[in-house]
Amino acid sequence: MSESLLSRVGRLVSGTANSIVDAVESTAPDMVMKQAIRELDNAVEDVRDALGKAAVKKHVASQRLAETNKSHEELSEKTAIALRAGEKDLARAAVARQMDLEAQIPVLEKTIADAGDEEQELNNSILALQGRKREMADQLDAYIAQKNAATSQSATADGGSDHKLNTAVDNANSAFDRAMKAATGVPGVANSGSMADDAKLAKLDQMTRDHRVEERLAALEAELE
């Protein structure tokens, strides 16, 4: 779950909306509470969307892992065949490819595990948001009932009072929108090294990789002797 969505869910579930209702100087907190309930509904939809993306990520990574493991096994067989046939260059290429696959496997496994954790967290968030919505709906019903009982004896209200009420509602809505706005961050950009240094490091990486290929190839040849 992204940090902004996680923060948004946290604010909604922790009762931010009620704090706003208490803090805003408005004669219509019911309007603010209704808006808060709508925000909860929107948050549930956003979390469900994120849940779907997490499920797709997990499925794709699982498929890729299965394909990678299968390819790795097939390359082991091909390497042995190439060595028995005296085709050392072919065996070397197969071993190099195997090492590439081995580097990908732990990354894919972590991706699957992380996606599973994210799915669990998102499901818990949906349950929490739905529970908070039910709680706020009950509070809204109680407030409306109390408000109706308190105003049942009042028959009229002048135009100035109507204007004051509309202004208060607008102020409450503005305050709610400000408080519910999710925070966003801009990731920093790391400075790259010089092109010359990058080329040297790339050459060193290639030398190291070639050395490891030769070591494994020698070990496999020794096993076949």
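Start where helices α3 and α4 meet: their crossing is left-handed. The model is a predicted one. Select residues 29-84 for α3 and residues 88-151 for α4; the two pack at an angle of about 165°, with their axes 6 Å apart. Because of that angle, α3 is roughly antiparallel to α4.

After α3 comes G86, with a positive phi near 80°.

Next, show the salt bridges, of which the whole structure has 11.

Select D41 and K133, whose side chains form a salt bridge with N to O at 2.8 Å. D41 belongs to α3 and K133 to α4, so this pair ties together parts 92 residues apart in sequence. D41 is partly exposed, at 30% relative accessibility, and K133 is partly exposed at 31%.

Move on to E221 and K88, a salt bridge in which the closest N and O atoms are 3.7 Å apart. E221 sits in helix α6 (residues 195-224) and K88 in α4, 133 residues apart. Both count as partly exposed: E221 has a relative accessible area of 26%, and K88 has 35% relative accessibility.

Then select E102 and R216, joined by a salt bridge of 2.7 Å, N to O. This pair also links α4, which holds E102, to α6, which holds R216, across 114 residues.

Finish with D89, R92 and E214, which a network of salt bridges links.

Note on methods
Residues are numbered from 1 along each chain as its sequence is written. This is a predicted model: local features need pLDDT of at least 70, side-chain atom pairs count only at pLDDT 80 or more; totals for chains, interfaces and linings use all residues. Side-chain values use heavy atoms; hydrogens and water are left out. Axes are lines fitted to C-alpha atoms, for helices over the stretch in contact, and angles run from 0 to 180 degrees between N-to-C directions. Helices (H or I, at least four residues) and strands (E, at least two) are DSSP runs, numbered from the N terminus. Angles under 35 degrees count as roughly parallel, over 145 as roughly antiparallel, 65 to 115 as roughly perpendicular and the rest as oblique. A crossing is left-handed if the near helix is turned anticlockwise from the far one by less than a right angle, and right-handed if clockwise. A salt bridge is a side-chain nitrogen of Lys or Arg within 4 Å of a carboxyl oxygen of Asp or Glu. Buried means under 20% relative accessible area, exposed over 50%, partly exposed in between (1.4 Å probe, protein chains only).
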